[in-house]
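Trainee: Could we go through this one by checking labels against their cut-offs? I'd like to see how each call is made.

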Amino acid sequence: MATFLYRLGRLAFRRRGYVALIWLAVLTAVGLGALQAPGASDEEFSMPGIESQKAYDLMQERFPGAAADGATARVVFVAPDGHKVTATATRQAIEETVTALGDGAQVATVADPFETKAVSEDGSTAYATVTYKVASSEVTDASRTAVERAADQARQSGLSVETGGSAMDSGGGPGGVAEIIGIAVAALVLLITFGSMAAAGLPLLTAILGVGVSMFTITMLADAFGLSTSTGTLAMMLGLAVGIDYALFVVSRYREERDRGHAPEEAAGLAVGTAGSAVVFAGLTVVIALAGLTVVGIPMLTKMGLTAAGAVVVAVIIALTVVPALVGFWPNAVLSGAVRKGAQRAAKPRARSRVLLVKRVVAGKRTVAGRRVRTGDLTTAATGANDAAAATGAGPGDNRGTRWARFVLRRPIPVLLLGVVGLGALAIPMTQLQLGMPGDEAKSTSTTERRAYDALAEGFGPGFNGPLTIVVDAEGTDDAKAAVNAVHQDITDTKGVVSVATPRFNEAGDTAVFTATPATSPTDERTETLVKTIRGERPGIESATGASFEVTGTTALNIDIATKVQAALVPYLITVVGLAVVLLLVVFRSLLVPLKAALGFLLSVLAALGAVVLVFQQGHGAGVFGVEQTGPIMSLMPIFLVGIVFGLAMDYEVFLVSRMREAYVHGEPADQAIVSGFRHSARVVVAAALIMIAVFAGFIGESDSMIKMIGFGMATAVLLDAFVVRMAIVPAVLALLGDRAWWLPKWLDRWLPRVDVEGEALSRRPAAEEADRDCDPDGEPVGARV
């Protein structure tokens, strides 16, 4: 693979104009296709196989045209202290508001609270429900404004009026602020890392190109594959993240090869052949993690995972082709200022020395580090002194990475124990993980949705915001009405249910729907117990009446989602980690290194989940991150965390350990190979991790609690995995294992395919061929011209 990618890198460098034109043509083509394609639909969330979904499907079948998927808005009226909403003047103001709410073109019906008995027992609170003809995603801003205008009209009479419901949700989301913050921080980190505006801008430019191609393609294919508007969210986030990372590693290796004395084209080829190999396998681990989301069984997650995997593939291809092509346009611009100045001063002397070197290579002789070697043994056409220094791990290349690696090598056991115990302690709260789907109760008290939620809970009880919907299927029974009444009475008598609505039959009279209000809030564990209790009574009712029933509604749906996600988490982990271990086994040709990588990832992701529980569920330090209301952790959070962080963690593992493997294969002792790996990769891995942390941490500042939770979890997981696991635990474990870390049974070594990630094949290239490639037709070294 290294040889193929080496040739690809050189080809992209030489044919840089064609490469740039091809990618511009691709971007233009998919962009035009996206503009002409039908708009993406807003796919209804569905999860096959759960009771809530079955009940919803039955309602759609038996109650056609009932607009079950129509958006609703709820307007809550609270009378001033000491007054009641039933007072004459107050009631008149509410009825006028109800009339105003019904004027919208998208409004289907408005329920008058005095006709529907939507008034609290103490008379302090009432609410009107507005039902729309369209889904929540199709409610226009004009319709939302009409609701707010009507609410303002009621406030003038002295009422406290708040609004909520699905129709009032305008979509929310980061709105681009988080992405802008992430890109700004990434640019700063890249500038500090490289010391060059061009080197800092190149990864950003290629990442934006990759995201553009991916997002335009997703939009173009949205109608054909049933992709929703939210499908591309994960693709955009990960495409930007890995796009910067992959270009960062290739550019960093190019600069390193230039420092060794290679000409620009040769350096580009070597960078793609070595770092590019690591990029390919790092990308494969991310693709495995994302494609593994199909195991969960949620169609929306499957589509999000596959489209994000496609975005990662695009990022890999761009890193292998566009990066060397852009470097070809400005071969010296990506070098640091000091190196460029030094290259200008040394250009003429180096040209003469390299011409002499070519002549000596042709003669079949050369001395490297005082040792005479044959032409076929030469590993590079650059100056031998730098190569000798790199091979021994000594010389001027020492940096903070090498100093840290030597510190770990001297104290591997304390570093290992401190890292493992620290992550283990942070993971302990994860044992109390409670999954759910936070709603309006988790929003800031500054929002009208949260105030409406609190007003309804105070006026009608905490369970009012999460009623259970009971769908009774009495088809085939002798007396459908009697069967429905029996189910209704049984649920009414269930402990924990405070009220049950009157059943509503369909036209055929064989199916009925009614709601049951729990005594506890939607996210309370007692509500989950109540749902299980009601479902547990089903066998007895079915045997007595012949009718069956299902429990659904938002509260039951969230409970079912949490249960299914918890059940899918272990199979997902086994699938993803198992495939990645096999892939890393091929890459590193070692049994222990892949196992160590997987165990380290599990430590970091469990610790990150523990930190999320600590802040968002238990409330420790919640004020620091702007968390106003603690509650259950979003049901899909563990799956997202495992999938995304696993891919990024394996990125860092491949880039860091592949340099150690490269040094070990080229003859360095096991301990020195660790130092060499940190010399070349530590700074770049740290920069990549800081960029990821900045991208994810930008979401913590958002007001939406779920976005805030995702940003915090992802940033924490990358922080722990990059700085504790990869930079501390990994070198400590490798130091304790020594040569055993790279052991592989002979039978397995013969069976596994050889992919040559460390670029061993490139080291065996004939020196005369390499020297010729570094010179122009006149024999002048290409790198001499700056």
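Trainee: Why is K117 called exposed?

Mentor: K117 has a relative accessible area of 73%, and exposed means over 50%, with buried under 20% and partly exposed in between (1.4 Å probe, protein chains only). So 73% puts K117 in the exposed class. Bear in mind that this is a predicted model, where local features need pLDDT of at least 70, side-chain atom pairs count only at pLDDT 80 or more, and totals for chains, interfaces and linings use all residues. Residues are numbered from 1 along each chain as its sequence is written, and side-chain values use heavy atoms, leaving out hydrogens and water.

Trainee: What makes T431 exposed?

Mentor: Its relative accessibility of 67%, so T431 counts as exposed. T431 sits in the loop between helix 14 (412–427) and strand 7 (435–436). Its C-alpha atom is 9.5 Å from that of L606, 175 residues apart along the chain.

Trainee: How do you know that strand 2 and strand 3 pair?

Mentor: Two strands pair if DSSP finds at least two bridges between them. Strand 2 and strand 3 (residues 125–132) are joined by four bridges and run antiparallel, so they qualify.

Trainee: What makes strand 2 (107–111) an edge strand?

Mentor: The open sheet has four strands in the order 2-3-1-4, with antiparallel pairing. Strand 2 and strand 4 (160–164) each pair on one side only. Neighbouring strands are turned by 20° against each other on average, direction ignored; axes are lines fitted to C-alpha atoms, for helices over the stretch in contact, and angles run from 0 to 180 degrees between N-to-C directions. Helix 15 (residues 448–460) lies across strand 1 (72–78), strand 3 and strand 4, at about 110° to strand 4.

Trainee: Why is the crossing of helix 2 and helix 7 called left-handed?

Mentor: Left-handed means that the near helix is turned anticlockwise from the far one by less than a right angle, and right-handed means clockwise. The axes of helix 2 (residues 16–36) and helix 7 (residues 197–225) come within 8 Å and cross at roughly 35°, and the crossing is left-handed.

Trainee: What classes of residue make that contact of helix 2 with helix 7?

Mentor: Nine nonpolar, five polar and no charged. Ala, Val, Leu, Ile, Met, Phe, Trp, Tyr, Cys and Pro count as nonpolar, Asp, Glu, Lys and Arg as charged, and the others, Gly among them, as polar. Contact means heavy atoms within 4.5 Å, and the residues include W23 and V26 in helix 2, with L209 and F216 in helix 7.

Trainee: And which hand does helix 7 show as it passes helix 8?

Mentor: Right-handed. The axes of helix 7 and helix 8 (residues 232–259) come within 8 Å and cross at roughly 145°.

Terms used: Helices (H or I, at least four residues) and strands (E, at least two) are DSSP runs, numbered from the N terminus.
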